[in-house]
Amino acid sequence: MKLTRRASVTTWANLFVASLLITACSHLSEDSPKQKGLMDFSEKADIKQISPLAASVSYAELDGGAVQIDLYSATNHISGFTIQPDKPWDFSDFKTLALTLDIANPTDESVSMYVSTSDKSGDFQMRSFVVPAISSQRYAIDIDVPELATETGIRSNPESWDNPYQPLIWRGGKKQLDTSAITGIRFDVRGALRDKTLIVDNITVVEPREFKDDYLKGLVDSFGQNAKMDFAQKIDSVDQLRRVSDAEQQQLQSGLLADRSRYHGWRDGPKLEATGFYRTEKYQGKWSLVDPEGYLFFSNGIANVRMANTSTMTGYDFDHKLIPERSSNDFTPEDSLGLNRVPDQALASRHVSSELRTDMFTWLPDYQEPLGKHFGYRREVHSGAMERGETYSFYRANLARKYRTHDTATLMQKWRDTTVKRMENWGFTSFGNWVDPAFYDMKNYPYFANGWIIGDFKTVSSGNDYWGALPDPFDPVFAERAYATVQKISEEVANSPWCVGVFIDNEKSWGIMGSVESQYGVVLNTLTRKASDSPTKAAFVAYLKQHYGDIEAINNAWNIQAASWQTLEEGIELNHYTDAAITDMAAMLELYTAEYFRIVDAAMDELMPNHLYLGARFADWAMTPEVRQAAAPYVDVMSYNYYREAVSDVFWDFLAELDIPSIIGEFHNGALDSGLLNPGLIHAESQRDRGVKYQEYVNSVIDNPYFVGVHWFQYIDSPLTGRAYDGENYNVGFVSVTDIPYKPLVDAARAVNQSLYTRRYD
């Protein structure tokens with residue numbers, strides 16, 4: 001059945017016309033900043049400037065006119081529209097710049113959207129926002145404001161100027177566009193199960209004024225919360241925090257749901273072969289995990305249950321000579337470390353390295369105070385206002401306050417005990433990836449182990465290495481480090497039956513669909529290198545020699561003029577692509593990827609034969625058909641991180657072709673009513689709406705016969721001022737920085753989990 005929820009103009013015209021008129025005029029007061037109307041759709045011909053993508057555009061017969069856009073997102077992975085002027089907008093006479101527009105949503109569910117504003121050179125700014133159900137609001141896209149020129153270390157900053165508009169959240173792109181030639185604004189809905197309907201009107205350019213010098217100052221209170229706004233579960237005192245915590249502890253009860261086996265499988269269902277460890281089996285046409293006792297098992301879990309990402313950069317640093325540096329043979333990346341506190345001898349060298357960051361905090365403890373135990377240090381970051389520096393974990397400090405202890409061992413054990421009770425009470429069947437290894441030793445909750453292959457091996461590039469360069473698996477050092485990594489994980493797991501399986505590495509930039517250059521970037525970039533410097537390049541040349549035999553054959557096939565095989569070995573740059581060249585690039589990409597997964601799989605088979613290998617968690621934006629095909633023979637379960645509204649066959653049709661068990665390693669949503677500045681990658685309109693979206697996503701995975709699990713990212717909200725590694729400041733936790741659960745989300749998860757197995761298998 002096609003799931004749609006569209007509305008006609010007549011059903012909502014009377015409801016929205018008044019609000020549209022109000023918002024259309026709200027920015028026209030005498031004190032308003034300089035502005036200029038761009039499109040008001042007073043004439044039907046104006047809708048020609050709206051270009052649909054898997055959508056339809058029609059004229060809305062409202063007072064003054066508007067445009068209705070029906071988005072066919074139920075049958076298209078991406079559906080949207082572009083506001084595209086007949087000629088580029090020239091805003092060069094505006095000193096600062098924001099675009100504003102009215103958007104109404106006549107349906108009873110919120111619409112999460114991505115927005116891209118582009119200039120004539122192809123540069124763009126990416127933002128995202130949510131249009132609440134049954135709403136009409138005016139939105140602002142900041143294009144050129146001083147805040148964009150400042151690196152704050154926060155993914156999305158507070159509003160830097162006073163205005164009545166709804167803000168859009170910064171996602172990425174170029175922060176300085178050519179404002180003399182803005183070519184359009186594209187709006188996308190991605191990965192939705194139902195069609196959407198929006199009404200758009202009154203597109204205006206505005207010159208913001210009166211920017212706030214203190215928009216970042218005094219942002220964080222002593223609990224790590226937003227000091228500048230109130231919200232539903234804000235904590236004002238330690239006594240209040242303890243009362244809330246004590247009340248929750250009285251309600252939490254240990255114990256599994258009645259239909260669960262010891263290892264959280266479906267005790268009321270069939271009992272299959274028991275091997276003493278988790279395994280996979282196709283049961284009645286659906287892939288499934290099977291628990292150690294032989295019961296069907298579906299992994300619904302929460303990922304990142306650890307302290308590593310609870311710290312934020314404070315703006316202080318120390319004498320670097322007094323801080324031990326990383327070893328190239330480390331097993332843990334910087335962002336996965338705990339606090340990593342500086343040595344005591346370095347404390348005297350503490351100094352301000354970023355006044356911008358230090359001014360964000362209304363309180364930080366002294367190192368000598370009990371709460372000073374929660375300082376840490378980062379020797380490297382992915383992005384931010386500082387390249388390295390001191391961190392602080394308000395979350396850990398709040399745990400110390402609520403549990404009334406400053407003994408680290410006691411504190412962490414109380415936290416782990418409460419976390420397990422919550423997981424049982426909420427009905428989850430397992431942890432997800434990146435759980436604190438201390439949970440392994442408790443041997444009372446299913447978990448997934450993880451590791452990273454780090455070392456001095458050579459690398460290759462896809463041209464879009466967001467999280468870092470890709471390993472060169474043909475370098476013998478890579479195999480050495482892969483075996484060392486799996487050995488380390490094996491020692492931590494100790495052959496425990498509670499370990500479902502192992503994720504190794506994460507979201508590598510294997511390739512991006514959309515162009516030859518992005519899809520085959522690994523191959524194209526490697527072909528430019530010398531075979532003597534790149535083992536992968538040497539493997540590519542060996543493949544081509546075997547395939548073509550002599551140099552003239554490849555010259556003819558690729559339409560190139562290489563004098564000899566040595567020319568290819570020295571490096572060539574392709575700027576045109578014949579069909580034969582593309583076919584060969586696909587084969588070489590598969591050759592490269594297969595070698596990576598073959599080596600890791602061999603290490604798993606030898607060192608952890610009783611545990612499942614779940615791959616490297618492909619990001620949906622950084623995988624190609626060749627990469628998936630190459631990985632499939634070597635993994636026991638294919639893993640994907642997929643941040644969309646739900647899972648549907650529109651994008652996931654390739655699962656039937658692969659026909660192997662698969663798992664969602666990450667998804668989430670968030671809202672702005674939490675005090676945080678960024679909802680996350682998928683927007684909900686409220687905490688209640690987070691629960692609605694959670695249920696829709698998880699149920700779509702449960703209903704898919706190829707998926708054997710789904711993991712929410714993450715347990716704890718990101719810090720308000722951004723996690724230390726890269727500034728993520730998302731409301732994506734099941735609990736806040738004060739360790740208080742978000743009840744609407746918890747209730748939604750509990751309802752899903754209570755019927756999980758009967759929905760999946762009955």
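## Strand 27 and its partners

In this predicted model, Asn450 stands opposite Phe503 in strand 27. The pair belongs to the contact between strand 24 (residues 447–451) and strand 27, which run parallel and are joined by five bridges.

Strand 27 also pairs with strand 28 (residues 612–613), in the parallel sense and over two bridges. Here Gly501 stands opposite Leu612 in strand 28. Strand 27 (residues 499–504) is mostly covered, with six of its six residues buried.

An open sheet of six strands has the order 2-5-12-7-8-11, and its pairing is antiparallel. Its edge strands, strand 2 (50–53) and strand 11 (169–173), each pair on one side only. On average, neighbouring strands of this sheet are turned by 20° against each other, direction ignored.

Within the order 2-5-12-7-8-11, strand 7 (residues 111–119) and strand 8 (residues 124–131) pair in the antiparallel sense over eight bridges. Val131 in strand 8 is the bridge partner of Val111.

## Helix 18

Helix 18 (residues 743–754) has 12 residues, so at 1.5 Å a residue it should span 16 Å. The end C-alpha atoms of helix 18 are 16 Å apart, which agrees with that value.

Which residues of helix 18 are buried? They are Leu745, Val746, Ala748, Ala749, Val752 and Asn753. Seen down the axis of helix 18, these buried residues fall within an arc of 165°, so they line one face of the helix. What covers them includes strand 17 (299–303), helix 5 (408–426), helix 17 (687–702), strand 32 (707–713) and helix 19 (756–761).

Definitions and conventions. Residues are numbered from 1 along each chain as its sequence is written. This is a predicted model: local features need pLDDT of at least 70, side-chain atom pairs count only at pLDDT 80 or more; totals for chains, interfaces and linings use all residues. Side-chain values use heavy atoms; hydrogens and water are left out. Helices (H or I, at least four residues) and strands (E, at least two) are DSSP runs, numbered from the N terminus. The expected span of a helix is 1.5 Å times one less than its number of residues. Buried means under 20% relative accessible area, exposed over 50%, partly exposed in between (1.4 Å probe, protein chains only). The arc is that of the directions from the helix axis to the C-beta atoms. Contact means heavy atoms within 4.5 Å. Two strands pair if DSSP finds at least two bridges between them. Axes are lines fitted to C-alpha atoms, for helices over the stretch in contact, and angles run from 0 to 180 degrees between N-to-C directions.
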